[in-house]
Amino acid sequence: MNENFLITDLVVFDAKPDAVPYRYRISYKIGQICLILNICGGSSCSFLKIQMISNALNDKKSEKELLGFCDDNSLLFISAIRFDPAVNRVLGYALADGLIKQLVKGTYKLTEKGKKFVKKIKLDKELMTNEIEFLERIGNRLSEEKISELMDRWRYMDAGNPKIESNYHNR
């Protein structure tokens, strides 16, 4: 039996009739996640940090909000937290392909294979240049402690202000 085949219940290949926008293509998102872990990860990244940074890469407004949060803990960023199901799926693919591994604490880290993949991306000066530039601007400024503090403030604001909760659910 050939052991090069990917065997997992998390990965299902299903042909789609329509073109998938590049931001949702598996190959693009895997590159994005690996770059996030490489440039902004330090020793590892939480699921929430990966989601926040990946979301910020979707548009200039989100990029600006995340950079503002990194600079001054701007509460405006609270409204911009989104959970992209594509990120969830790509984490499964990257884990299955051995590009990343999940640590005991639930955080994610690049493997040696993932580091080689990132190196190839960075060697091509036309590939993912905007993403790399943005990620380098974030660097280590978005710490897990800062994210935890944001989540605590978000919970307390929602619990203490029914209007904020109402606005959140009406989006």
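**Close-up views of a predicted model**

View 1. The model is a predicted one, in which local features need pLDDT of at least 70 and side-chain atom pairs count only at pLDDT 80 or more, whereas totals for chains, interfaces and linings use all residues. Residues are numbered from 1 along each chain as its sequence is written, and side-chain values use heavy atoms, with hydrogens and water left out. Q32 lies in helix 1 (residues 26-40), where helices are DSSP runs of H or I with at least four residues and strands are runs of E with at least two, numbered from the N terminus. Q32 is buried, with a relative accessible area of 1%; buried means under 20% relative accessible area, exposed over 50% and partly exposed in between, for a 1.4 Å probe and protein chains only. Leaving aside residues up to four places away in sequence, Q32 touches S54, L57 and M128, contact meaning heavy atoms within 4.5 Å.

**View 2. Packing of helix 2 against helix 3.** Helix 2 (residues 47-56) and helix 3 (residues 60-72) pack at an angle of about 135°, with their axes 7 Å apart. Helix 2 is therefore oblique to helix 3, given that angles under 35 degrees count as roughly parallel, over 145 as roughly antiparallel, 65 to 115 as roughly perpendicular and the rest as oblique. The axes are lines fitted to C-alpha atoms, for helices over the stretch in contact, and the angles run from 0 to 180 degrees between N-to-C directions. On the helix 2 side, M52, I53, N55 and A56 meet S62, E63 and L66 of helix 3. By class, this contact has four nonpolar, two polar and one charged residues.

**View 3. Cysteines without a disulfide.** The structure holds zero disulfides, a disulfide being a pair of cysteine sulfur atoms within 2.5 Å. For C45, which is in no disulfide, the nearest cysteine sulfur is that of C40, 6.8 Å away. C45 is buried, with a relative accessible area of 0%, and C34 is likewise buried, with a relative accessible area of 0%.

**View 4. The chain as a whole.** The chain has eight helices and two strands, following the pattern α-α-α-α-β-β-α-α-α-α along the sequence. Of its 171 residues, 41% count as buried.

Note on methods:
Nonpolar A, V, L, I, M, F, W, Y, C, P; charged D, E, K, R; others polar.
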